[in-house]
Amino acid sequence: MRAAAASVERLLGPAGVGQLALGAGRATLPLALPASEGELVEVVRLAARDDLCLLPLGTGAKLGWCRAPRGVDLAVSTRALRGVVAYEPGDGTLTALAGSRMDELAAAVRAGGHHLTPDVARPGGATLGGVLAAGQSGIDRLRHGPARGHVLGARVVEADGTVTKSGGRLVKNVTGYDLQRLYCGSHGTLCILLEASLRLFPLPEHTALVTARSARPEQALAAARALRALRLQPLAVCVENLRVERAEAPWALHALLAGRAAQVAWEREQVARALGAAEVLEGEPAEALRDELRDLEPAAAETTSLHVACRPSALEEVWHLCRDALGRRECAPAALLHPGLATLDLPVVLSTQALAQLVRELRAALAPHRARLSVRGAGVELPDDLDPFGEPGPGFELMQRLRARLDPRGRFAAGRFHGGL
Amino acid sequence: MDARLIAELRSVVGAAGLVLDHVRRKPYEYDGLPFKKCAPALVVLPASTEEVARCMAILHRAGVPIVPRGAGTGLAGGATPVEGGAVVGTARMQRVLEVNVEDRFARVEAGLVNLDLSRACAAGGLFYAPDPSSQMACTIGGNVANNSGGPHCFKYGTTARHVLGLKIVTPEGDVLDLTEPEVDPLGYDLVGLFVGCEGMFGIATEVSARLMPLPEVTETLLAIFDSLDECCESVSEIIAARLEPSAIEILDKLTIRAVEASVYAAGYPAQAEAVMLLESEGSAVEVGANVADMVAILERRGVLEIRRARDEKQRKKLWAARKSAFGAMGRIAPDLYVADVVVPRTRLREIVMSATGICARRGLKLANVFHAGDGNLHPNISFDRRDAAEVENVLAAGREIMELCIAAGGSLSGEHGIGLEKREEMRLVFGDEDLATMLRVRASWDRAERMNPGKLIPVRTCMEIRTTAPAVAPAVAPGGTA
């Protein structure tokens with residue numbers, strides 16, 4: 001590793017080398033910080049020449065979604081590759097370098113009247129490349145869907161240092177295979193993202209947030225079901241007890257409405273009527289609470305959490321199974337649920353052994369409900385036979401072939417992703 | 001074709017599932033691209049995923065190339081057979097397997113006709129958004145292979161955003177069941193990668209399709225202009241104002257005349273130089289606000305007349321004229337070359353004018369129909385395929401328009417795909433190394449490269465041009481591209 005650090009320093013100078021701390025009690029890795037595309041290519045070529053294993057990252061905020069790195073010689077971050085390459089408000093598209101911070105990109109397009117999706121938690125600590133590589137969603141997922149649906153094209157550095165592209169910068173384009181979709185959520189195991197183009201959405205004219213509090217989560221989930229039946233188009237609906245404001249009613253259902261002012265006003269009336277006694281925020285206070293709710297997603301660098309996804313129809317049943325399993329371990333049932341999407345984020349504080357046992361038990365209980373559980377969080381070393389993402393399913397062999405074809409020497413992030421990809 | 005192979009296939013699909021007869025094989029010789037034609041050695045029409053899998057395994061063992069086919073409505077030659085190959089069609093797989101209203105998805109067989117999916121879920125208050133103009137004939141499986149679009153993709157996105165899961169039969173005949181509509185994929189997004197693969201990765205036999213709540217209100221506007229220029233500028237202004245109509249379509253003068261002379265006449269005035277179809281969907285409040293803003297823009301741009309479709313019957317009539325525009329063109333000339341290019345939306349007007357100039361210089365008749373909101377142009381050039389010189393002239397004009405669009409930051413295809421038609425033009429957009437990566441991804445699915453061979457990737461890109469560790473690293477300027 002020392003040799004790798006020295007080689008990188010020769011290549012990039014002292015400013016281009018740092019250290020990546022992998023958490024308490026763990027080693028640090030030398031970190032390459034290329035400041036240009038050319039430098040990044042040189043680092044990847046250096047790795048090819050010296051047979052080094054690389055760990056690609058942005059800020060590293062989501063490294064904890066995968067297994068802890070093993071056998072990595074050098075971390076390489078794209079965070080210094082920042083900037084908007086093209087933003088044409090009339091086209092409604094944005095092309096930016098992978099290291100651009102999400103909050104800066106959102107501010108840049110807001111000036112042109114656009115909303116950047118995904119609106120992820122803690123956008124000041126997340127890069128575009130990191131968000132796409134992790135397949136991360138934001139508070140706006142319910143309305144806009146996953147980011148992979150809006151990535152129009154990408155330029156990437158492949159394992160041998162070659163720069164290739166797929167897709168383009170146009171809102172509609174079926175020219176060649178959609179490799180940029182494959183790269184989304186691949187956690188840096190296929191290539192390093194250099195640049196991506198995204199479709200943008202209109203910035204909402206007005207935002208309102210309707211909150212209904214309840215003593216029990218079941219009441220909040222029932223209210224969420226009633227909201228879904230209204231067939232409105234909220235930006236987000238979430239149920240949580242992470243930011244308790246009233247001890248007698250720790251659970252809150254929040255419906256975030258955003259769009260044209262007249263539409264928001266109309267939806268607000270519908271929602272308030274369906275929820276009965278509800279608190280309503282409008283404009284800036286609503287936007288502030290929206291950001292707070294967005295940032296409730298557990299931070300992998302600090303918290304270990306279970307992330308569960310199922311069909312919306314199975315949500316209540318899945319919640320009960322999770323609540324009971326946590327209750328048996330005397331874990332406080334803290335949760336952030338997105339009922340429309342049918343996802344649950346459950347922070348837990350358990351020893352590695354107890355966590356492994358909980359995961360095994362819950363996966364078995366959730367399987368009949370077609371629910372999937374993954375473990376997110378730093379500091380968790382699950383046993384080798386317990387995959388943080390779930391047991392490999394159909395298509396896994398094909399995934400191995402894709403990885404072998406695109407990174408034949410296992411240059412990138414080897415073995416950290418699902419099933420050891 | 002080997003008699004033993006045929007007997008084996010017959011034992012799987014029965015006599016009804018095999019098309020061997022020379023005359024009955026004729027319609028399978030081409031798809032919507034009239035220039036390319038090839039007689040398949042045989043056509044197999046399995047009736048279930050299991051039959052597809054068994055047929056694929058048999059054909060794989062025999063080393064027979066396979067061309068998958070839905071309804072054959074594709075316009076880029078993606079379903080054109082190959083010499084000595086088999087066509088595997090999904091025409092006998094049209095069942096709706098499940099409509100899940102609560103979880104808002106449907107599981108259907110790949111051969112289901114697009115429009116039948118929306119019909120099947122309408123009772124549950126839901127619809128399937130992608131609506132290619134051929135939606136009365138094209139299949140969901142074909143839409144998946146081509147990542148098909150349609151007028152309403154302006155608001156809702158193309159097929160890729162509406163496919164939640166797939167059952168895929170691999171080239172070797174294995175079945176990959178990825179039909180569960182997962183929030184996020186486990187591992188790599190194989191479903192997302194498969195959409196738009198143009199039949200080169202395998203055959204999708206089942207599709208889990210996302211359904212959306214039917215809008216409370218749909219309002220359709222027909223805006224009539226005496227200038228195509230102003231019509232295009234209105235579109236740019238509507239997009240710049242971020243008004244989000246669900247569709248914005250433009251038909252030019254020649255198209256209007258053809259439509260009006262046909263059975264689909266919608267009463268468009270003959271003096272119009274261009275008409276724009278605009279649709280807004282949502283709650284009454286939202287639609288009201290959007291329509292008022294759009295009308296203000298149209299009026300500022302000197303619209304001659306705005307008609308509003310107030311009921312479903314009127315709305316359907318306005319759309320029928322648009323959706324049958326290609327068919328109506330038959331009145332102008334026996335054949336129609338439907339080009340499909342896409343440009344940045346800010347450059348719409350300029351490209352339409354230049355394309356018109358290209359055809360005028362070549363003495364060709366150009367009629368424009370386009371998904372203006374997406375920057376997706378369909379310049380339609382009329383010709384007679386019996387006139388070889390004219391065919392050549394049309395193809396050259398098509399290529400010139402394509403080059404023009406690419407120079408303006410556009411691309412080869414907005415929704416029809418590459419197929420055979422634009423295979424060589426892929427080089428205008430992608431370099432050897434980009435194409436080599438696509439080939440490697442393709443080889444991960446289809447090691448023998450027997451699925452729909454010869455499509456999408458230019459013929460000369462047949463070598464692995466890269467090594468994993470170059471001996472000498474070429475010099476790279478700081479900030480430059482390698």
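**Stop 1: where the chains meet**

Start by selecting the contact between the two chains, where 83 residues come from chain A and 99 residues from chain B; contact here means heavy atoms within 4.5 Å. Before going further, note that this is a predicted model, in which local features need pLDDT of at least 70, side-chain atom pairs count only at pLDDT 80 or more, and totals for chains, interfaces and linings use all residues. Residues are numbered from 1 along each chain as its sequence is written, chains are lettered from A and ligands numbered from 1 in the order in which they are written, and side-chain values use heavy atoms, with hydrogens and water left out.

How much area is buried between chain A and chain B? About 7700 Å², with carbon and sulfur atoms giving 55% of it. Buried area is the accessible area (1.4 Å probe) that two parts lose on being put together, summed over both. Now pick A:Lys172, A:Val174 and A:Tyr177: in chain A these lose the most area to chain B, together 13% of what that side buries.

**Stop 2: charges across the interface**

Next, show the side chains of A:Arg148 and B:Asp189, which form a salt bridge at 3.6 Å, N to O. Between chain A and chain B the count is twelve salt bridges, each a side-chain nitrogen of Lys or Arg within 4 Å of a carboxyl oxygen of Asp or Glu.

Then colour the elements on the side of chain A that touches chain B; among those giving two or more residues are helix 2 (37–50), strand 9 (163–167) and helix 12 (396–406) of chain A. Helices (H or I, at least four residues) and strands (E, at least two) are DSSP runs, numbered from the N terminus. Helix 12 of chain A gives the largest share of that side, seven residues.

**Stop 3: into chain B**

Select B:Glu237, in helix 8 (residues 228–240) of chain B. Leaving aside residues up to four places away in sequence, B:Glu237 touches B:Ile297, B:Arg300 and B:Arg301.

Zoom out and colour chain B by domain: domain 1 (3–89), domain 2 (96–213), domain 3 (217–327) and domain 4 (333–424), with bounds from an automatic or database domain assignment. Taken over C-alpha atoms, the centres of domain 1 and domain 3 of chain B are 41 Å apart.

**Last stop: confidence**

Finally, select residues 462–482 of chain B, where pLDDT stays under 50; pLDDT is the predictor's confidence in each residue, from 0 to 100. Where pLDDT is low, the predicted coordinates should not be read in detail.
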